[in-house]
Amino acid sequence: MAGNFIVPGKVFHGIGSFSQLSTIQGKKAVIVTGQGSMIRAGYVEKAKIILNKNNIDVTIFDGVEADPSFETVMKGFNFIKNFKPDWIIGLGGCSAIDAAKAMWVFYEYPDTKFEDIIPPFSIKPLRNKARFIAIPSTSGTGTEATCVSVITDREKGTKYPIVSYELCPDIAIVDGELCQTMPSHVTANTGLDALTHALEAYVTPLADAYTDCLAERAVSDIFHALPAAFANGNNLEARQTMHDASCLAGMSFSNALLGIVHSLAHQVGGMFGVPHGRANAILLPNIIRFNAAIVEEKYTKLASLVGESSSEGLAKKIEKLRHAVNVESSFLEYGIKQHIWEEKLHIMAEHAMQDACTACNPRTPTLDDMINILQSCFQGSTLIIK
């Protein structure tokens, strides 16, 4: 049990809630966004118009790539440092918001080094120069409600989860209308990422009544709404349900933290470029099987919400959902070559053991456990518990 409960200062949600930007007061705002979807959809210009009406000077930092790199973060930091905003707004997919969070840290503390903020909860108090608004356009990470930013080290081929309660946004705007720009494969990846957040948060040692109720609602809603959002991106009811579920799951894991699905997905994604939610979805059923010896009772409770009666039933239900949204059942099927996988296997397992998420897994893994899980998920076989 964490003993505290951290959520954004305000959460505006529902179709049309983007207009709540009109409530913001300040002098200057930087909008950090991705590689064009929010610009093409008109939301960057719409945000600028709304803020300008409140006499807020606005500038744009765009081009944040998927899995944002440290180099992009530093480029954005220098841009922000020169403009001196009192608001930083992450608008777009999780990458744009995560990058904006990291840029915010360096803006507040320009002498900080990247390695200084990798240890969990090592960021000094923020909000001395700026406050933070998150407006997501994907329904996956829940980063608009979390204390996490994931940044990629391209040289090492690994992802670092930067964890601090300071990173929880001041304002989150959760408007499902923004998600209409998502193609179906991104809908699948992000939706399964949100499902993983809820399932992992539910079984960590820090889970409690507050985090559990959010995770339960998120799991139930995702199983119901993800196939509908995947089949028809213009289904605004399904879009808003998924957007809300992602935010609820984000609130849950931001307080209860995560486990080794994420530890391993960070390595596979960093090494092979597998989209994060897709990597999670391939890993999740077998890690449920690995953890079940410790938390079968909790998995069974979640299983009952989706018409199953055990952890194995839950794992198989996830495999069916994964198939329904055209996500591969293995990393081999995804397209990774076996000889390259085997070259990188041990280093991925070693890095996963050091990942911040590993400490909160309900069952403590060994290096051999990590290798065994990775191998079973590469082949697409059911994990044999050792």
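Is α4 largely enclosed or exposed, and how many of its 15 residues are buried? I began my notebook with that helix.

**Ground rules.** I am working on a predicted model, where local features need pLDDT of at least 70, side-chain atom pairs count only at pLDDT 80 or more, and totals for chains, interfaces and linings use all residues. Residues are numbered from 1 along each chain as its sequence is written, and side-chain values use heavy atoms, with hydrogens and water left out.

**Helix α4.** I found 14 of the 15 residues of α4 buried, so the helix is largely enclosed by the rest of the structure. Buried means under 20% relative accessible area, exposed over 50%, and partly exposed in between (1.4 Å probe, protein chains only). Helix α4 covers residues 94–108 and reaches 21 Å from its first C-alpha to its last. That is close to the 21 Å expected at 1.5 Å a residue, where the expected span is 1.5 Å times one less than the number of residues.

**Whole protein.** I looked up the secondary structure: 13 helices and eight strands. These are DSSP runs numbered from the N terminus, helices being H or I of at least four residues and strands E of at least two. Buried residues make up 59% of the 386 residues. The C-alpha trace spans about 60 × 45 × 40 Å along its principal axes.

**Cores.** Next I checked the largest nonpolar core, which has 61 residues. A nonpolar core is a set of buried Ala, Val, Leu, Ile, Met, Phe, Trp, Tyr and Cys residues joined through side-chain atoms within 4.5 Å. Helix α9 (276–305) is among its suppliers. The largest share, 13 residues, comes from α9. I also noted a second, separate core of 30 residues, which includes Val105, Leu126, Ala130 and Ile151.

**Leu374.** This residue is one of those with the most contacts inside the largest core. Leaving aside neighbours within four places in sequence, I see Leu374 in contact (heavy atoms within 4.5 Å) with partners including Leu264, Val268, Leu283 and Trp341.

**Ile318.** Where does Ile318 lie? I placed Ile318 in helix α10, residues 311–324. Ile318 is buried, with a relative accessible area of 1%. Beyond neighbours within four places in sequence, Ile318 is in contact with Leu195, Leu199, Phe223, Leu284, Pro285 and Ile288.

**Contact range.** Last, I turned to contacts between residues at least 6 apart in sequence. Of these, 79% join residues at least 24 apart.
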